[in-house]
Amino acid sequence: MSIIQILFWFLSVVALFSALMVITSKNPVYSVLWLIVTFFAISGHYILLNAQFLAIVNIIVYAGAIMVLFLFVIMLMNLNKETEPQKNRWLKMAGAIAGGCLLLVLVAALKDVGVKEKDTALVYEGGIGLIKNLGKELFSTYVVPFEISSVLFLSAMVGAVVIGKKE
Amino acid sequence: MPINLYILLAVALFAIGIIGVLTRRNAIIIFMCIELMLNAVNLLLVAFSKMHHLKMAGVDPRIGTDGQIFVFFIMVVAAAEVSVGLAIIVMMYRNIHSVDVNFLNRLKH
């Protein structure tokens, strides 16, 4: 096994394990912390795919901003107690079985759908994920969506303030 | 790495997110599972963009850039969504003093 394969399997195992811990831990604070671990593992995958810009943006935006927002909300509302008002066990089991069926169907459908030997993701080569190429594309071809996304942010900010305001 | 492995990893992460949404009752954890699903799709988009780049790099040396731009925009929309969604959860907590989604059944009666 080469070093790239070892890294791929290691990051995959970390991502899946921490994703499972997100949905199984009782305490919401632990869920947030495990989700941060998942995001770091996915950022590691981006680095492995040589998408360095997305790796950095993933860490800054998700692990840095969004998860801190989640932690603030949990801490401010004092939700970090273990108890989740528990109800129907059968409902829980039905949800898990439904999700498992979805996983099974997707895996069975996508297992070898016309995939040839050379259909491999280019790992650690190719410069399209570098910030030079992405920035050039973002400010030439995709400049209108980029500006529209700034308007989206402004409206989201105004909306959050209006919703969160005490009347 | 073969693209199959990336597909399987992304599908597994997505299914874990679905199971979390279906089984948990805490609104914040449901929200976090939605973020997990968005990230699974992002990972698959990046893997496909690199696969496309590998196959078509002879035609256009910058092919495959679009996929990564889309991932960037998905992250932008996710950030906006989180800010509004957490404001809604805070408002819900202020009104019913809980984040349990089972209490939100007023439309049923």
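In this predicted model, Arg62(B) has a relative accessible area of 36% and is therefore classed as partly exposed. Its side chain meets that of Glu137(A) in a salt bridge, with 2.6 Å from N to O. The pair runs between the chains, since Glu137(A) belongs to helix α5 of chain A, whereas Arg62(B) sits in the loop between α2 and α3 of chain B.

**The interface between the chains**

The contact between the two chains draws 83 residues from chain A and 73 residues from chain B. Together, chain A and chain B bury about 7,100 Å², and 76% of this area is on carbon and sulfur atoms. On the side of chain A, the residues that lose the most area to chain B are Ile23(A), Phe70(A) and Ile128(A), which together account for 10% of what that side buries.

In soluble globular proteins, nonpolar side chains tend to be buried together. Here the largest nonpolar core has 65 residues, and those with the most contacts inside it are Tyr46(A), Leu54(A), Met67(A), Phe70(A), Ile28(B) and Ile89(B). Helices of both chains build this core, with at least two residues each from α1 (3–24), α2 (28–48), α3 (52–76) and α5 (131–138) of chain A and from α1 (3–23), α2 (27–56) and α3 (65–96) of chain B. Helix α2(B) gives the largest share, 13 residues. Because domain 1 (1–81) and domain 2 (126–167) of chain A both give residues to this core, it lies between them.

Leu54(A) illustrates how the chains meet: apart from neighbours within four places in sequence, Leu54(A) is in contact with Tyr46(A) and also with Val46(B), Gln68(B), Val71(B), Phe72(B) and Met75(B).

**The two domains of chain A**

The domain assignment divides chain A into domain 1 (1–81) and domain 2 (126–167), and the C-alpha centres of these two domains lie 22 Å apart. Their direct contact involves four residues of domain 1 and five residues of domain 2. Between them the two domains bury about 390 Å², with 66% of that area on carbon and sulfur atoms. Of the area that domain 1 buries against domain 2, Asn50(A), Gln52(A) and Phe53(A) supply 89%, more than any other three residues. The search for salt bridges across this interface of domain 1 and domain 2 finds zero.

Asn50(A) also has a backbone feature worth checking in the model, for this residue has a positive phi of about 60° although it is not a glycine. Asn50(A) lies in the loop between α2 and α3 of chain A, and with a relative accessible area of 10% it is buried.

Helix α2 of chain A contains Val29(A), which is buried at a relative accessible area of 12%. Val29(A) and Ile74(A) stand 45 residues apart in sequence, yet their C-alpha atoms are 7.2 Å apart in space.

**Cysteines**

A disulfide is a covalent bond between the sulfur atoms of two cysteines. None is found in this structure, as a search over all chains gives zero disulfides. For Cys101(A) the reason is distance, because the closest cysteine sulfur, in Cys33(B), is 18 Å away and so too far for a bond. Cys33(B) is in no disulfide either, its nearest cysteine sulfur being that of Cys101(A).

**Accessibility of the residues discussed**

The table collects the relative accessible areas given above.

| Residue | Relative accessible area | Class |
|---|---|---|
| Asn50(A) | 10% | buried |
| Val29(A) | 12% | buried |
| Arg62(B) | 36% | partly exposed |

Notes. Residues are numbered from 1 along each chain as its sequence is written. Chains are lettered from A and ligands numbered from 1 in the order in which they are written. This is a predicted model: local features need pLDDT of at least 70, side-chain atom pairs count only at pLDDT 80 or more; totals for chains, interfaces and linings use all residues. Side-chain values use heavy atoms; hydrogens and water are left out. A disulfide is a pair of cysteine sulfur atoms within 2.5 Å. A nonpolar core is a set of buried Ala, Val, Leu, Ile, Met, Phe, Trp, Tyr and Cys residues joined through side-chain atoms within 4.5 Å. Buried means under 20% relative accessible area, exposed over 50%, partly exposed in between (1.4 Å probe, protein chains only). Helices (H or I, at least four residues) and strands (E, at least two) are DSSP runs, numbered from the N terminus. Domain bounds come from an automatic or database domain assignment. Contact means heavy atoms within 4.5 Å. Buried area is the accessible area (1.4 Å probe) that two parts lose on being put together, summed over both. A salt bridge is a side-chain nitrogen of Lys or Arg within 4 Å of a carboxyl oxygen of Asp or Glu.
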